[in-house]
Amino acid sequence: MKGWIRFFRVWLTRAAMRLLWIFPVRKKQIFFSAYEGKQFACNPRAVFEALCADPAFAEYSFVWELNDPEKRRLISDARVSFVEHNSFAYFRAVLTSRVLLTNSGVTARLPLRKSQININTWHGGGAYKRVGYAVKSDLSSDLYELTVAGRQTTWFLSSSGIFTDVMTESVQLPPERFAPTGMPRNDVFFRPEKCRVLREKVLAFYGLEPDCFLALYAPTYRGAVGEDRLDGLSFDVVRFRAALEAKFGKKAVVLLRMHYFHAGAVASEGALSASDYPDMQELLAAADLLMTDYSSSMWDFALTGKPCLLYAPDLGDYDTERGFYTNPETWPGLLCQTEAELLEKIACYDEPTYREKIRTYLVDCRSFDDGRATERVAALCREKA
């Protein structure tokens, strides 16, 4: 019964939204959105900044979905206008922009026209926790909506061959609709000088010493899409810092970055909160070590060659609830299920062995990330816009 109710709601909303088709598609307008207007970040930001600097798009107008007026101040280009999620201006912008470039797709409730180009950049790479049709339990979004949204997708950006393999089922798209571009937001990791500048920026933001050892802890969410049941840390931050200092010989600083689904604070004695920092890629560029669990941030960080710890004390429960595409033992990091194991993996870390593991992993996954992803996506926009 619930399925039929959802179906009717989507059908009715799509029918009503077709009234906005009275407004013509603007051939030189491009719409950008990251996390439904919550951030000016991720792949859409990387592509936007490239297009702003591209003479081929000098006469274009850009629309950014940004809900927070403070975040809008990060953009000074006069060609940019702003809309808020689910406002009338937002609906009109989505249904009249020639190119749509978002990192989570366009809802099935908005009926796109055939003349529109809908590019889903997605917000993660690799093949880790299951999403969409592949989720084991009922945590997934409504499957009918996923199907309709898939039909409206022109291109789905892919970070690797293995990503295309698993997401073909998850979002119900044929392989030929996946563009083997790599992820634009990861181009920064192929520019050492840019990474150095970003590290200096992050350290200055938090008032940290240049020679500190910066560890970033960024767990993913628990529960259904839009919520996060993670309400506390299951390890001792002080002991964690001490282990890092003993291994790497520098004063350790821990930044805690919660998933954007998470509402409220998490007890983090001994760590600095980085949940409100504007750009995750800047934190990854700055960090000497990443600790996560099932987040695809491990894919991004693998491109740096720096150590990643996969701290997953609830591995069995998470597998039962959501499931994994691949065996966590094969992921680009050191898997730890207990705090004792976590401390041991730090003490036994061997850089040459680890870097070889990451190199082999990226080859086996058929990585498309090589520092030119933004260039490829910009070419797609030039071709069709």
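Glu351 and Arg355 are joined by a salt bridge in which the closest N and O atoms lie 3.0 Å apart. The structure is a predicted model, and the values reported here were computed from it. Both residues of this pair belong to helix α13 (residues 351–364), where a spacing of four residues, about one turn of the helix, separates them. Glu351 is partly exposed, its relative accessible area being 41%, and Arg355 is likewise classed as partly exposed, at 39% relative accessibility.

The side chain of Thr353 makes a polar contact of 2.5 Å with the side chain of Asp350. Thr353 has a relative accessible area of 54% and is therefore exposed, the cut-off for this class being over 50%.

Across the whole structure, the search for salt bridges returned 21. Side chains of opposite charge can pair when their charged atoms come close. One of these pairs consists of Asp54 and Arg382, whose side chains meet with an N to O distance of 2.6 Å. Asp54 counts as buried because its relative accessibility is 15% and the limit for burial is under 20%. Arg382, by contrast, is partly exposed, with a relative accessible area of 41%. A further salt bridge is formed by the side chains of Glu70 and Arg73, at 3.3 Å from N to O. Here Glu70 is partly exposed, with a relative accessible area of 47%, while Arg73 reaches 65% relative accessibility and counts as exposed.

Phe7, Phe8, Trp11 and Leu12 make up a nonpolar surface patch, and together they present about 410 Å² of accessible area. Of these residues, Leu12 is placed in helix α1 (residues 2–17). The relative accessibility of Leu12 is 44%, a value that counts as partly exposed.

Burial was next examined in helix α12 (residues 339–347), whose buried residues are Glu339, Leu342, Leu343 and Ile346. When the helix is viewed down its axis, these residues fall within an arc of 95°, so they line one face of α12. The elements that cover the buried residues of α12 include α8 (237–248) together with the strands β11 (289–292), β12 (308–311) and β13 (334–336).

Ser97 is located in strand β4 (residues 97–102). With a relative accessibility of 0%, Ser97 counts as buried. Its side chain is joined to that of Gln29 by a polar contact of 2.8 Å. When neighbours within four places in sequence are left aside, the residues in contact with Ser97 are Val25, Arg26, Gln29, Ile30, Phe31 and Gln116. Asp288 occupies the loop between α9 (280–286) and β11. The side chains of Asp288 and Arg199 are joined by a polar contact of 3.2 Å. Not counting residues up to four places away in sequence, Asp288 touches Arg199, Cys212, Phe213, Leu214, Phe301, Lys306 and Pro307.

Backbone geometry was considered at two loop residues. Most residues other than glycine have a negative phi. Tyr35, although not a glycine, has a positive phi of about 55°. This residue is found in the loop between β1 (26–33) and α2, and its relative accessibility of 9% places Tyr35 among buried residues. Trp122 also has a positive phi, near 60°, and is a residue other than glycine. Trp122 lies in the loop between β5 (117–120) and α5 (143–151). The relative accessible area of Trp122 is 17%, and the residue is buried.

Terms used:
Residues are numbered from 1 along each chain as its sequence is written. This is a predicted model: local features need pLDDT of at least 70, side-chain atom pairs count only at pLDDT 80 or more; totals for chains, interfaces and linings use all residues. Side-chain values use heavy atoms; hydrogens and water are left out. A salt bridge is a side-chain nitrogen of Lys or Arg within 4 Å of a carboxyl oxygen of Asp or Glu. Buried means under 20% relative accessible area, exposed over 50%, partly exposed in between (1.4 Å probe, protein chains only). Patches are made of residues with over 30% relative accessible area and no salt bridge: like charges are joined within 9 Å, nonpolar side chains (Val, Leu, Ile, Met, Phe, Trp, Tyr) within 5 Å. Accessible areas come from the Shrake-Rupley method with a 1.4 Å probe; for residues, only the protein chains shown count as cover. The arc is that of the directions from the helix axis to the C-beta atoms. Contact means heavy atoms within 4.5 Å. A polar contact is a pair of N or O atoms within 3.5 Å; within protein, one must be able to donate a hydrogen and the other to accept it, and residues adjacent in sequence count only if both atoms are side-chain atoms.
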